[in-house]
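Please read them with the coordinates open.

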Amino acid sequence: MPPLNNKPLPRTALKPVCEALANVIRQRRESSGLSLNRLAELTNLSRPMIRFMENNERIPTVDTVARISRAFGISLSQLVAEAEKKL
């Protein structure tokens, strides 16, 4: 097996995944009746950070996505699976 390349993936490679995740987060938030402010409170993230993620202007960390999934009452894997379905 060749050694792993430790270089980060270029943003263009992550774009479809991040876009799908952003859409799922926004759809879940809206269907749950949560405002940006309320989701920020539940996740201990800033309102601008959530807005940036929903607009696909920031790549969220795994910790951030885990916080959001917990706020929705689902597992991290469930949230990611929803995003994968949109790819």
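**Notes on the helices and the spaces between them**

1. Keep in mind throughout that the model is predicted.

2. Now H2 itself, residues 36-43. Which of its residues are buried? They are Leu36, Leu39, Ala40 and Thr43. These residues lie on the same side of H2, because the arc they cover around the axis is only 105 degrees.

3. The overall layout is simple to state. The protein has 5 helices and 0 strands. Read from the N terminus, the order of elements is α-α-α-α-α. Along the principal axes, the C-alpha atoms fill a box of roughly 45 × 25 × 20 Å.

4. On burial and surface: the chain has 87 residues, and 31% of them count as buried.

5. The largest pocket deserves a look. Its volume is about 260 Å³. It is lined by 15 residues, and the closest to its centre are Val17, Leu21, Pro60, Val65 and Val80. By class, the lining has 13 nonpolar, 1 polar and 1 charged residues.

6. Which helices build that pocket lining, with at least two residues each? They are H1 (11-31), H4 (62-72) and H5 (76-85). H1 gives the most, with 5 residues.

7. Rolling a probe the size of a water molecule over the atoms shows where empty space is left. The count here is 1 cavity of 30 Å³ or more. The largest cavity holds about 40 Å³ of space.

8. What lines the largest cavity? The residues are Cys18, Leu21, Ala22, Ile25, Met53, Arg58 and Pro60. H1 supplies the largest share of this lining, 4 residues. By class there are 6 nonpolar residues, no polar ones and 1 charged.

9. Compare the two linings when you check the figures. Leu21 and Pro60 are among the residues closest to the centre of the largest pocket, and Leu21 and Pro60 also line the largest cavity. H1 is the top contributor to the pocket lining and has the largest share of the cavity lining.

Key
Residues numbered from 1 in each chain as written. Predicted model: local features only at pLDDT ≥ 70, side-chain atom pairs only at ≥ 80, totals over all residues. Heavy atoms only, no water. Buried < 20%, exposed > 50% of the residue type's maximum accessible area, 1.4 Å probe, protein only. Arc of directions from axis to C-beta. 1 Å grid on protein atoms, 1.4 Å probe; cavity = no way out; pocket = protein on both sides within 12 Å on 5 of 7 lines; lining within 4 Å. Points joined across faces, edges and corners; volume = space filled by probe spheres on them. Nonpolar A, V, L, I, M, F, W, Y, C, P; charged D, E, K, R; others polar.
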